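Visitor: Please give me a close look at a single part of this model. I would like to see how it sits within its chain, and then what lies beyond that chain.

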Amino acid sequence: MSERHGPVHDCGGDAAAYVLGALEPAEAEAFRGHLLECVVCRDEVETLAGVVQALPMSAPQHAAPRRLRRRLLRAIREQPPSRAATAGRPASRRRLRPATLLGAAAGAAAAVAAAVLIALGGGPGATLSRVIRASVSGVSGSVQLRISAEHGELVARHLSAPPPGHVYEVWLKPAGSGPRPASVLFTVNRDGFADVSIPASLRGITAVMVTPEPAGGSPVPTHAPVIVASVA
Amino acid sequence: MFRPGHNRHDLRELADEDLMELVREGDARAFEVVFDRHGGVAFSLAYRMCGSSARAEDVVQDAFVSLWRSGARYDRARGSVRSWILSTVHNRAIDSFRRESARHGQDVHDERLAELVPAATTTEAEVQQRDDAHRVRTALAQLPPDQRRVIELAYFGGFTHTQISEMLELPAGTVKGRMRLGLAKLRGSLSAGGLTP
């Protein structure tokens, strides 16, 4: 059963074009919004995405040229992998891409206000490489804080998108004082994925917070945290 | 459990997802195995989309370098490594289209193709891959031509339904309808063969 509101949408009419990446960018954006509300279209997207994932196999199959292999292996040995990736791209920047559709449909169940509070141990322990898992309640998804040396990286999976007109903003809370902006704004991609580097040092920081704020960010948090994760 | 120091033979025994754990840690040999396993189908997709061997090579190299640099982003809960790779190659090919003012034909073959075809299949996985490819090709070929055409233009050509409508001089609703019918029929054919969920 469809739970629609807003403009009437031809349910199912756009799902095939969506999974093929054939909607115009504005249409794709609107359809993603529709998917948040319509279980019929989510089901159809999920069903058809599997078909689209098989399409590459319809191409005549060839071996990769040896020169390509040589060139590629030379290139990767010159470029170490980067774990400090940027935030998930706003969905509107790109056309819909088939492999992410299942995740988009699954992660589109709810859009709620979100905040992440991750308590960090201060002192020397903060310089060790570790991964802190946030327990999330009141918002869908999961979040990890990965700490290497004194720097952190937030990795969110299947996280609800911030409310329309909002972004997520990262805050750093030192012991004994209120949170200060980390100068990091981000949103999630269609899968609810984001990988956000925090450029500031975490030394002396007891918590990293993420709150939904109006686009452009806020000088102080305007929303109370609804998700809290503490160091075990 | 695999640890650094194992040889390439050990790596080839690992599942894709385990290899990606090593790639995440910067293991170039693991990445090499991933490429050897999926480079062919990646190149085939790029070649099908670009219609030029040189351009396809650029797309695949660009995609794999991107994957190498962002290996930490792979999440097995979101799909197979192969799907992740092919999605990246597909995206890169479309990006390549956009950088080019002119598009090449969709079924172009050049004289270098013969060099690219492997002399013989050597592993069970390759045999399975070829069988799967044959079944998908057959299913696509059995679609009514008007449905197959819009699907191919969208997926391999990177065209939007608006562009396809203009190209084929059809109403947008007709194009979308053909896409929907075609994918539904494909699903039926592929499901019968166990190729889709």
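Guide: Start with the order of elements. From the N terminus on, chain A of this predicted model runs α-α-α-α-α-β-β-β-β-β-β-β-β-β. That comes to 5 helices and 9 strands.

The part to look at is strand 8 of chain A, residues 205-214. Is it mostly covered or mostly open? Mostly covered: 8 of its 10 residues are buried. For the chain as a whole, buried residues make up 49% of the 232 residues in chain A.

Now look at a partner of this strand. Strand 5 of chain A, residues 166-174, is joined to strand 8 of chain A by 9 bridges. These two strands run antiparallel. To place one pair by eye, find A:Trp171; its bridge partner in strand 8 is A:Met209.

Step back to the contacts of the chain. Take those in chain A with a separation of 6 or more: 73% of them come from residues 24 or more positions apart.

Then turn to the other chain. In chain A, 51 residues are in contact with 60 residues of chain B. On the chain B side, several helices give two or more residues, including helix 4 (53-69), helix 5 (81-99) and helix 10 (172-192) of chain B. Helix 3 of chain B (28-50) is also among them. Helix 3 of chain B gives the largest share of that side, 12 residues. By class, the side of chain B that touches chain A has 31 nonpolar, 16 polar and 13 charged residues.

Notes: Residues numbered from 1 in each chain as written. Chains lettered and ligands numbered in written order. Predicted model: local features only at pLDDT ≥ 70, side-chain atom pairs only at ≥ 80, totals over all residues. Helix = DSSP H or I, 4+ residues; strand = E, 2+ residues; numbered from the N terminus. Buried ≥ 20, exposed ≤ 12 C-beta atoms within 10 Å, placed from the backbone. Contact = placed C-beta atoms within 7 Å. Nonpolar A, V, L, I, M, F, W, Y, C, P; charged D, E, K, R; others polar. Pairing = 2+ DSSP bridges.
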